[in-house]
Amino acid sequence: AAAAAAPAVAIEDLFTSLNRHIQRSEFDLAVKVSDQVLSIAPGDEDAIRCKLVALIKNDSIDDALSAIQEFSKKSSIDFSFFKAYCLYRQNKLDEALESLKGQEGNSATMLLESQILFRLGKMDACVDVYQKLQKSKIDSLEINFVAGLVSAGRASEVQGTMDSL
Amino acid sequence: FPPAFQAVPRNPIVLDLAYNSIEFPSLESRMKKDKKGFISRLWG
């Protein structure tokens, strides 16, 4: 029983320091501690998520993608959104869109989808997504919405959209 | 002279709003419990 309890305590300690690094935006240290948790508990979902988010917040997009590939082999967690975001950051837009397929249409996936569509020059499709997001009260959404409208050649709709937001 | 100011068209700004939706999971339940919990576990 003592042997089984020891790693549990160690993991609690590690998560405590992991949480502290996250609060302080020390993302490289957060990656390190996540790895320490994973060396004890390889499939720990919280540690996996922390590592991926820390890599992304640290702008280590290449490392995040290889970590996703690694985790996908031995975990049943769905990493499609993280993967799509990393591919978007690498400007692999078609692959990014592909990775978003089959995801539930929550505001995070819709925001990413609209940003990908914007870069692909599919402005009307991009604006369509922002129109659906209008009710979600997302901060600064109007900035991207207006960019989409203007780029779609629909600048005349900007005023009405701003009034309705 | 001087010439009048003119408006210059530019590309609209797009923010990476999707980045803001990438968040760490809550670790509250994974961290060390306070000492009282530990003592009461020892002494029942």
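In this predicted model, A:E70 and A:K73 are joined by a salt bridge whose closest N and O atoms are 3.6 Å apart. A salt bridge is counted where a side-chain nitrogen of Lys or Arg lies within 4 Å of a carboxyl oxygen of Asp or Glu. Because A:E70 and A:K73 are three residues apart in helix α4 (residues 61-74) of chain A, about one helical turn separates them. Helices here are DSSP runs (H or I, at least four residues), as strands are (E, at least two), numbered from the N terminus. A:E70 is partly exposed at 38% relative accessibility, and A:K73 is exposed at 65%.

Another salt bridge within chain A joins the side chains of A:K51 and A:D35, at 2.8 Å from N to O. This pair links distant parts of the chain, for A:K51 belongs to helix α3 (residues 45-57) of chain A and A:D35 to helix α2 (residues 27-40) of chain A, 16 residues apart. A:K51 counts as buried, with 16% relative accessibility, whereas A:D35 counts as partly exposed, with 33%. Over all chains, the count is 10 salt bridges.

The text now turns to the two chains together. Chain A and chain B bury about 2500 Å² between them, and 68% of this area is on carbon and sulfur atoms. Buried area is the accessible area (1.4 Å probe) that two parts lose on being put together, summed over both. In chain A, 35 residues are in contact with 18 residues of chain B, where contact means heavy atoms within 4.5 Å. Between the two chains there are three salt bridges and 11 residue pairs in polar contact, both residues being at pLDDT 80 or more. A polar contact is a pair of N or O atoms within 3.5 Å; within protein, one must be able to donate a hydrogen and the other to accept it, and residues adjacent in sequence count only if both atoms are side-chain atoms.

Several helices of chain A contribute to the side that touches chain B: α1, α3, α5 (80-89), α7 (107-119) and α9 (141-151) each supply at least two residues. The largest share, eight residues, comes from α1(A).

Two residues of helix α1 illustrate this contact between chains. The side chains of A:D13 and B:K32 meet in a salt bridge of 3.1 Å, N to O. The pair crosses between chains, from A:D13 in helix α1 (residues 2-23) of chain A to B:K32 in the loop between α1 and α2 (35-43) of chain B. A:D13 is partly exposed, at 33% relative accessibility. A:N19 also lies in helix α1 of chain A, and at 17% relative accessibility A:N19 counts as buried. Apart from its neighbours within four places in sequence, A:N19 is in contact with B:L27 and B:M31.

Residues are numbered from 1 along each chain as its sequence is written, while chains are lettered from A and ligands numbered from 1 in the order in which they are written. Local features need pLDDT of at least 70 and side-chain atom pairs count only at pLDDT 80 or more, while totals for chains, interfaces and linings use all residues; side-chain values use heavy atoms, leaving out hydrogens and water.

Definitions and conventions:
Buried means under 20% relative accessible area, exposed over 50%, partly exposed in between (1.4 Å probe, protein chains only).
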